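Student: I have a structure here that is new to me, and I'd like to talk it through. Could you help me read it piece by piece?

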Amino acid sequence: MLWNWNTIDACFISKSWHIKSTGMFAGSCIGVILLAILLELLRRSVKEYDRYLVRLNAQHDSFIAVTRADVNDAPKGSDQEARADAGLEGASTCCNPPAPSSTHGPIVNTGYRPKIYEQAIRALLHTAQFIVAYFLML
């Protein structure tokens with residue numbers, strides 16, 4: 001790519017996209033701006049689709065999410081009582097090692113694995129994002 005002040009009779013992206021007038025140059029500039037907008041819309045749609053999948057999965061109670069705030073919001077009292085009330089009897093914190101529990105098994109955060117068609121949609125969105133970003137880079 002060379003620095004070129006001559007906008008007329010220049011090629012843009014490929015030899016077939018030959019700029020022959022000032023109007024074609026202006027159209028090319030507007031096209032690049034629209035590509036950048038499209039790229040940002042694709043990025044946003046990828047994030048929104050991921051959030052949608054997690055929200056959908058959370059509604060079906062498919063996974064357990066335990067955060068540090070769950071332990072801090074527990075009722076006051078002895079540490080063991082607070083942990084038992086929060087359902088974290090067998091869980092460990094930064095200061096306390098895990099205690100054996102006869103009533104609760106270990107808390108496991110299983111996360112979320114998208115189904116095959118959900119993953120295919122995500123892959124399609126990522127591929128479209130990559131293609132638009134590649135053309136924008138050119």
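Student: How many residues apart are Glu48 and Arg44 in helix H1?
Tutor: This is a predicted model, and in it Glu48 and Arg44 are 4 residues apart in helix H1, so they are separated by about one helical turn. Their side chains meet in a salt bridge, with 3.2 Å from N to O.

Student: OK, and how exposed are Glu48 and Arg44?
Tutor: Glu48 counts as partly exposed, because its relative accessibility is 30%, whereas Arg44 has 54% and therefore counts as exposed.

Student: How many salt bridges turn up in the whole structure?
Tutor: A search of the whole structure gives 4 salt bridges. As background, side chains of opposite charge can pair when their charged atoms come close. Another one of them joins the side chains of Glu40 and Arg43, at 3.1 Å from N to O.

Student: What separates Glu40 and Arg43 along helix H1?
Tutor: Glu40 and Arg43 are 3 residues apart in helix H1, which means that about one helical turn separates them. Glu40 is partly exposed, with a relative accessible area of 45%, and Arg43 is partly exposed as well, with a value of 35%.

Student: And which residue does Asp50 form a salt bridge with?
Tutor: Asp50 forms a salt bridge with Arg122, and the closest N and O atoms of the pair are 2.6 Å apart. This pair links distant parts of the chain, since Asp50 sits in helix H1 and Arg122 in helix H4, 72 residues apart. Asp50 itself counts as partly exposed, at 24% relative accessibility.

Student: Back up a bit: how many residues does helix H1 have, and how far does it reach?
Tutor: Helix H1 runs over residues 22–59 and has 38 residues. From its first C-alpha to its last it reaches 55 Å, close to the 56 Å expected at 1.5 Å a residue.

Student: Which residues of H1 are buried, and what covers them?
Tutor: The buried residues in H1 are Ser28, Leu39, Leu42, Val46, Tyr49, Leu53 and Asn57. Their cover includes strand E1 (10–12), strand E2 (14–19) and helix H4 (116–137).

Student: New topic, then: how many aromatic pairs are there?
Tutor: The count comes to 2 aromatic pairs. In one of them, the rings of Phe130 and Tyr134 have their centres 6.5 Å apart and their planes at 20 degrees, so this pair is stacked. Phe130 and Tyr134 are 4 residues apart in helix H4, which puts about one helical turn between them.

Student: Are those two buried or exposed?
Tutor: Phe130 is exposed, with a relative accessible area of 58%, while Tyr134 is partly exposed, with a relative accessible area of 43%. Both belong to a nonpolar patch on the surface, which is formed by Ile13, Trp17, Phe130, Ile131, Tyr134, Phe135, Met137 and Leu138 and has about 810 Å² of accessible area together.

Student: Which element gives the most to the nonpolar patch?
Tutor: That is H4, which gives 5 residues to the patch.

Student: And where is Leu138 found?
Tutor: Leu138 lies in the segment after H4, and with a relative accessible area of 41% it is partly exposed.

Key
Residues are numbered from 1 along each chain as its sequence is written. This is a predicted model: local features need pLDDT of at least 70, side-chain atom pairs count only at pLDDT 80 or more; totals for chains, interfaces and linings use all residues. Side-chain values use heavy atoms; hydrogens and water are left out. Helices (H or I, at least four residues) and strands (E, at least two) are DSSP runs, numbered from the N terminus. The expected span of a helix is 1.5 Å times one less than its number of residues. Buried means under 20% relative accessible area, exposed over 50%, partly exposed in between (1.4 Å probe, protein chains only). Contact means heavy atoms within 4.5 Å. Rings of Phe, Tyr and Trp (its six-membered ring) pair if their centres lie within 6.5 Å; planes under 30 degrees apart count as stacked, over 60 as edge-to-face and the rest as tilted. Patches are made of residues with over 30% relative accessible area and no salt bridge: like charges are joined within 9 Å, nonpolar side chains (Val, Leu, Ile, Met, Phe, Trp, Tyr) within 5 Å. Accessible areas come from the Shrake-Rupley method with a 1.4 Å probe; for residues, only the protein chains shown count as cover.
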